[in-house]
Amino acid sequence: YGDSQQSLSFGYRISRSSVSSIIHETCAAIWEALNKVYLRPPQHSHERKAISEEFHAMWNFPHCLGAIDGKHIAIQCPLKSGSLYYNYKGFFSIVLLAVCDANYSFTYVDIGSYGCNNDSSVLNNCELGKAAESGRLCFPPSEPLDGFAHSPVPYFFVGDEAFGLKPWIQRPYPGKNLPEDKRIFNYRLSRARRTVENSFGILAARWRIFHHPIQTKVETAEKIVKAAICLHNYVRQTNGATYSPAGFIDSEDATGQIKPGEWRAIIVSEDGTSGALRPLPLPRGARYSTVANEARETLREYVNSNHGSVPWQWNVVRSRGITYVAT
């Protein structure tokens, strides 16, 4: 529930050291028992392609291998840490970077980076980013989009503006007053990217440790987060309908209008000033690679064509008059 170990020792009439040992041992046991089964990253290209097919079927976005995002996890001030864990919002935190599939299960997590870092910096220095840059992630080979006679398009993760545009990461077009075809692309990408926001929302709403800053050491906080991630995936994959019932996550009606999920009202305010999970800052500047930019242009053409459009996308974009860039 986010209480300190001292308050738990009073509540259960056991020593603080016993509380600490129980938390450490329990979280370690949960991680050891569940992570290899329920947090197992895809090992082969056909497994990643299966994830892509789910994103295409459920969220109408092709070649997507997962949605990626990061969150600050608020913690108490670590001893003798200086400003390493002090973030731009003015509190102490560690960073949770995660990739999820189309069904709100996490497929990769990196936990424990300093709170002063942003999403892009964490990604560049974690194992996932290094493996993706070196080609060790076994992505499926580039293929043309279904029924679209253009050059092959690589497979990729989708993220918000915190991430740079790369051959293996697609992000929205930046800026305001975009032409309609780019706004439609941003809307279509946002439908796929919203899965990771829902995943974080379900995690924080169901595990109340995330309702307040975590009152413990950094090492213990990392173990708690790892255990919560494993439990989230376990329940999602074994009893997902009860774990996140209808109305609990963001949903769309037949016209594409978004109804916010109940989790948004449970965990944090819109400005991100409460709760333990909060947004990360956007980096300054962006570098676009030629291959990544060409892939985004092809995707833009595809989602605006007869082959890749969905019936409601024009009405949604025209009725809202917004660009769907990340906030």
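**Side-chain contacts in a predicted model**

R318 and E180 form a salt bridge in this predicted model, with 2.7 Å between the closest N and O atoms. By salt bridge I mean a side-chain nitrogen of Lys or Arg within 4 Å of a carboxyl oxygen of Asp or Glu. The partners come from distant parts of the chain: R318 belongs to helix 10 (residues 313-320) and E180 to helix 6 (residues 180-206), 138 residues apart. Helices (H or I, at least four residues) and strands (E, at least two) are DSSP runs, numbered from the N terminus.

Colleagues, a word on the source. Residues are numbered from 1 along each chain as its sequence is written, and side-chain values use heavy atoms, with hydrogens and water left out. As this is a predicted model, local features need pLDDT of at least 70 and side-chain atom pairs count only at pLDDT 80 or more, while totals for chains, interfaces and linings use all residues.

Buried here means under 20% relative accessible area, exposed over 50%, and partly exposed in between, with a 1.4 Å probe and protein chains only.

The count of salt bridges comes to 9. Another of them joins D181 to R300, with the closest N and O atoms 2.6 Å apart. D181 lies in helix 6 and R300 in helix 9 (residues 290-303), so this pair ties together parts that are 119 residues apart in sequence. D181 is partly exposed, at 25% relative accessibility, while R300 is buried, at 14%. Through shared partners, salt bridges join D181, E297 and R300 into one network.

A further salt bridge is found between the side chains of E133 and K166, at 3.0 Å from N to O. Here E133 sits in helix 5 (residues 127-134), and K166 in the loop between strand 4 (156-158) and strand 5 (169-170), 33 residues apart. K166 counts as buried, with 17% relative accessibility.

I turn now to the nonpolar residues. Which residues of the largest nonpolar core touch the most other members? They are L96 and F210, in a core of 66 residues. A nonpolar core is a set of buried Ala, Val, Leu, Ile, Met, Phe, Trp, Tyr and Cys residues joined through side-chain atoms within 4.5 Å. Helix 6 supplies the largest share of this core, 11 residues. A second, separate core has 19 residues, among them L65, I68, V122 and C126.

L96 has contacts (heavy atoms within 4.5 Å) that include D69, K71, V109, F200 and I229, leaving aside residues up to four places away in sequence.

Lastly, the aromatic rings. The structure has 11 aromatic pairs. Rings of Phe, Tyr and Trp (its six-membered ring) pair if their centres lie within 6.5 Å; planes under 30 degrees apart are stacked, over 60 edge-to-face, and the rest tilted. Y85 and Y114 are an edge-to-face pair, with 5.0 Å between centres and 85 degrees between planes. Y85 is buried, with a relative accessible area of 12%, and Y114 is partly exposed, at 35% relative accessibility.

F61, F156, Y173 and F185 make up one aromatic cluster. R296 lies over the face of Y173, 4.2 Å from the ring centre. For a charge to sit over a ring, NZ of Lys or CZ of Arg must be within 6 Å of the ring centre and within 35 degrees of the ring normal. K226 is placed over the face of W31, at 4.6 Å from the ring centre.
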